[in-house]
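Good morning, colleagues, and thank you for the time on today's agenda. Please look at the sequence and the structure as they come up, and I shall then take you through a few regions in turn.

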Amino acid sequence: MSDERDNILMIIAAGEFSVGILGNVFIGLVNCIDWMKNRKIASVDLILTSLAISRICLLCMIMLDSFTLVLYPDVYSTGQQMRILDIFWTLTSHLNVWFAACLSIFYFLKIANFFHPVFLWMKWRIDRMIPRILLLCLVLCVVISLPITENWNDDFRRCVKTKGKTNLTLRCRVNKDQYVSIKVCLNLLTLIPLSVSLVSFLLLILSLWRHTRQMQLSATGFRDASIEAHVGAMKAVISFLLLFLAYYLSFLVVTFSYFIPESGLAVIVSELIALIYPSSHSFILILGNSKLRQAFLSMLCKVTYILKRRNF
């Protein structure tokens with residue numbers, strides 16, 4: 001790739017990375033400060049903090065991969081050093097989608113209005129179960145990432161891009177088959193938390209429809225707090241589903257680019273698209289959470305006041 005194009009792409013990546021880090025660090029700091037003040041943390045704040053930490057790690061993995069591709073292409077092509085990065089990228093990617101699924105379930109259980117005994121049982125116990133669920137998700141994602149460390153040759157990426165060396169053909173074919181089978185299984189596992197989030201979203205729509213119908217029957221014409229809560233939760237869930245879909249497709253391009261020679265431009269463009277998900281969704285969560293929104297607006301007011309004083 002040309003130097004000018006590299007510089008433009010890396011500037012864009014650095015901008016997305018900076019915005020994402022600021023948003024997720026803000027979520028973590030606000031919730032941790034509130035935790036220290038009150039000596040306890042709400043379940044939703046614990047989920048948001050865990051999600052923010054996992055997204056900070058994911059942003060670092062994507063950015064490190066981009067810089068390595070542009071600045072150290074020889075290191076990128078060997079695979080010996082990049083295997084560790086691939087493991088952590090897979091781990092943080094799965095953590096993100098599982099923690100987001102936990103947030104979707106939490107919104108559904110806290111906001112939806114159903115009277116099924118199982119739903120009511122989960123609704124009453126969800127606050128006590130959240131720490132265990134998050135820990136279980138962490139352990140599960142670590143286990144999911146372990147297959148990448150097995151039976152994967154250190155020179156895999158170089159082997160994939162090698163042409164005309166018959167003595168490597170059989171080994172390359174075996175490594176390709178192993179790599180593809182592992183990656184396909186890992187990507188299919190992502191569909192489980194995505195399906196959970198989608199089901200939560202659909203059930204929230206059903207709950208909102210039933211609640212709106214009850215209001216119409218009771219001749220209540222204004223939007224109450226329950227409708228506002230439904231709409232806010234649905235915005236957070238649907239934005240996650242759409243942004244993660246774009247991230248997921250970009251991740252697939254990056255994953256299978258190892259089989260395409262001279263695919264550096266496609267990889268870095270895909271990583272630019274992938275950065276949008278962990279960077280932008282954090283601000284959607286900030287605007288959808290009253291405590292985070294108030295803290296964010298307060299910070300903006302203070303920053304504006306300081307800048308005005310410096311100008312005078």
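Predicted model: local features only at pLDDT ≥ 70, side-chain atom pairs only at ≥ 80, totals over all residues.

**Aromatic contacts, helices and a surface patch**

I begin with F240, which is buried, because its relative accessibility is 1% and the cut-off is under 20%. Y277 likewise counts as buried, with 1% relative accessibility.

How many aromatic pairs does a search of the whole structure find? The search gives 11. One of them joins F240 and Y277, with 6.1 Å from centre to centre and 50 degrees between the planes, and this pair is tilted. The two partners come from distant parts of the chain: F240 belongs to helix α8, residues 225-256, while Y277 belongs to helix α9, residues 264-288, and they are 37 residues apart.

Y277 also forms an aromatic pair with F244. Here the centres are 5.3 Å apart and the angle between the planes is 80 degrees. This arrangement is classed as edge-to-face, because the angle is over 60 degrees. F244 sits in helix α8 and Y277 in helix α9, so this pair ties together parts of the chain that are 33 residues apart in sequence. Both F244 and Y277 are buried. Taken as a group, F240, F244, Y247, Y248 and Y277 make up one aromatic cluster.

Let me turn to helix α2. This helix covers residues 43-71, which is 29 residues. From its first C-alpha to its last it reaches 42 Å, close to the 42 Å expected at 1.5 Å a residue. Is α2 mostly covered or mostly exposed? The helix is mostly covered, with 22 of its 29 residues buried.

V142 is partly exposed, since its relative accessible area of 37% falls between the limits of 20% and 50%. V142 also takes part in a nonpolar patch on the surface, together with L135, L138, V139, V143 and L146. The accessible area of the patch is about 500 Å² in total.

S145 lies in helix α5 as well. In contrast to the partly exposed V142, S145 counts as buried, at 3% relative accessibility. Which backbone atom does the side chain of S145 reach? The side chain reaches the backbone oxygen of C141, at 2.9 Å.

That concludes my presentation, and I thank you for your attention.

Notes. Residues numbered from 1 in each chain as written. Heavy atoms only, no water. Phe/Tyr/Trp six-rings, centres within 6.5 Å; stacked < 30°, edge-to-face > 60°. Helix = DSSP H or I, 4+ residues; strand = E, 2+ residues; numbered from the N terminus. Buried < 20%, exposed > 50% of the residue type's maximum accessible area, 1.4 Å probe, protein only. Expected span 1.5 Å × (residues − 1). Patch = residues over 30% accessible without salt bridge, like charges linked within 9 Å, V, L, I, M, F, W, Y side chains within 5 Å. Areas by Shrake-Rupley, 256 points an atom, 1.4 Å probe, with all protein chains shown as cover. Salt bridge = Lys/Arg side-chain N within 4 Å of Asp/Glu carboxyl O. Polar contact = N/O pair within 3.5 Å; in protein donor to acceptor, adjacent residues only side chain to side chain.
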